[in-house]
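Reader: I have a new model open and want to learn how to read it. Can we take it feature by feature?

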Amino acid sequence: MESPRYVIIGAGFAGAATAYHLARRGVKDVLILEQERLPGVHSSGRNAAMVRQVVSEPVIAELALKGAAFLRSLPADWPVPVLFQQSGSLLLGGGEGWRKLLKDAEMARRKGIEAEIWSPEKAKERVWVLEDADFEGAVWCPTDGVVDIHALLTGYLKAASACGAEVRYGCSVSGVEVKGGRVTGVQTAGETISAETVINAGGPWAGVIGGLAGVIDAPLRTCRRHLFVSAPLTWVNPTWPFVWDLTHDLYFRPDSGGLLLCPCDQDDMAPGDPPLDDSVAELLAEKIRRFVPKISDIAIKKRWAGLRTLTGDGRFAIGWDPKVKGFFWVAGLGGHGVTTSYSVGELAADLILGGGAEGGGEFSIARFRA
Ligand SMILES: Cc1cc2nc3c(=O)[nH]c(=O)nc-3n(C[C@H](O)[C@H](O)[C@H](O)COP(=O)(O)OP(=O)(O)OC[C@H]3O[C@@H](n4cnc5c(N)ncnc54)[C@H](O)[C@@H]3O)c2cc1C
């Protein structure tokens, strides 16, 4: 590739899915630059792999619905087998949280997402460890599930490469060149690469990359979240759905013969490899004891942490930068970047190829600059 027109910074779900959609539409000159030697080293390889469609933001529900549909029927020429276990989800709520969840379920149904209201008894029948749990009701979404994130990410990248995109690993972008208010390229340790469009898909580093282009006011927060996996447990049924107690911020699902668990911690953290915090294991133990006592007696075998990148209003940041021409954002995917990857990439490609000055509607960058 002589001089790519489109340089994408970051080979996580944001960058990979955007490259896939651009390449699939016949765009040949797409170059992805990834600082790590492999894809999925950061958020895209460290998440809980859950595909969840019942959410509070209507625009995210729409992207999630489309994203889940894509996983159910991958294109015939998809280059990598991707296991999507459509085991469903049970979202639990109590008090104010339950009333909010009922509204979310109603909104989800209007969008075409299956969302049934279950009594606590019915939920406990499906997942018996909820027996002593305290909740007013559950929302059952049968089309949710768990996806093989590494296979999915590899699939986007391979499919993009098959259509002519190039991925360079171990290639960190250290500068974004802007001349006369328009991007002209990026700098790496070894060279300056000219480009008409620079796509910021840097995940937790998106704010830093914005800064390289002179955009210093990106309203993005990076927050650490820990995940834990128990030793194998004979009583776990591998067909259980993922269970998310939204009132007490705790989720678990079958994984590796045991359970994957998360106490939904959220601490602001600089981009990078987040350090582990022992107190979060205590928080998890405390939440389990109080809210799902039947699973109190588990040994944790493995834990890790990743960063979620959040915007102030919970919606994503997808669109052209209003100040720097040719600089495009696909960032702030929060806790939905796996589920919505297909549709986020599609929306990004629509806006990039549409050539609009701002675009992105509810996800636009301009909304932060009002
Ligand atoms: C604990 C946890 C649980 C989660 N669970 C779920 C879930 O169950 N379901 C779901 O849908 N979502 C979940 N998420 C959210 C999901 O993981 C993210 O939304 C998604 O991975 C974000 O993808 P990304 O491409 O924006 O970021 P990343 O995957 O972080 O990709 C950004 C890439 O940019 C690269 N990069 C950065 N700076 C540069 C530079 N200067 N030069 C070159 N490359 C650079 C990085 O190395 C990185 O690979 C979870 C997240 C966490 C942390």
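Author: Start with a salt bridge. This is a predicted model. Look for a side-chain nitrogen of Lys or Arg within 4 Å of a carboxyl oxygen of Asp or Glu. Here D273 pairs with R46 in this way.

Reader: How far apart are the closest N and O atoms of D273 and R46?

Author: They are 2.9 Å apart.

Reader: How many salt bridges does the rule find across the interface of domain 1 and domain 2?

Author: One. For polar contacts, the rule finds eight residue pairs across that interface. Now sort the residues by class. The side of domain 1 that touches domain 2 has eight nonpolar, eight polar and four charged residues.

Reader: Which stretches of the chain make up each domain?

Author: Read the ranges in the domain assignment. Domain 1 is 6-47 + 150-219 + 313-369. Domain 2 is 89-142 + 221-311. Their centres, taken over C-alpha atoms, are 30 Å apart. Domain 1 brings 20 residues to the contact, and domain 2 brings 15.

Reader: How do I read the area buried between domain 1 and domain 2?

Author: Think of surface that two parts lose on being put together, summed over both. Here that comes to about 1,200 Å². Carbon and sulfur atoms give 54% of it.

Reader: Which residues in domain 1 lose the most area to domain 2?

Author: R46, P204 and G334. Together they account for 44% of what that side buries. R46 is also the salt-bridge partner of D273.

Reader: Now the ligand. How many residues surround it?

Author: The count is 40. The closest are E34, S44, M50, V173 and T339. Next, check which atoms face the ligand. V173 has a backbone N or O atom 2.9 Å from a ligand nitrogen. A49 has a backbone N or O atom 3.4 Å from a ligand oxygen. N47 instead uses a polar side-chain atom, 3.2 Å from a ligand oxygen.

Reader: How much of the ligand's accessible area does the protein cover?

Author: Take the area the ligand has on its own, 1,000 Å². The protein covers 97% of that.

Note on methods:
Residues numbered from 1 in each chain as written. Predicted model: local features only at pLDDT ≥ 70, side-chain atom pairs only at ≥ 80, totals over all residues. Heavy atoms only, no water. Domains from an automatic or database assignment. Contact = heavy atoms within 4.5 Å. Buried area = accessible area lost by both parts, 1.4 Å probe. Polar contact = N/O pair within 3.5 Å; in protein donor to acceptor, adjacent residues only side chain to side chain. Nonpolar A, V, L, I, M, F, W, Y, C, P; charged D, E, K, R; others polar. Near = heavy atom within 4 Å. Areas by Shrake-Rupley, 256 points an atom, 1.4 Å probe, with all protein chains shown as cover.
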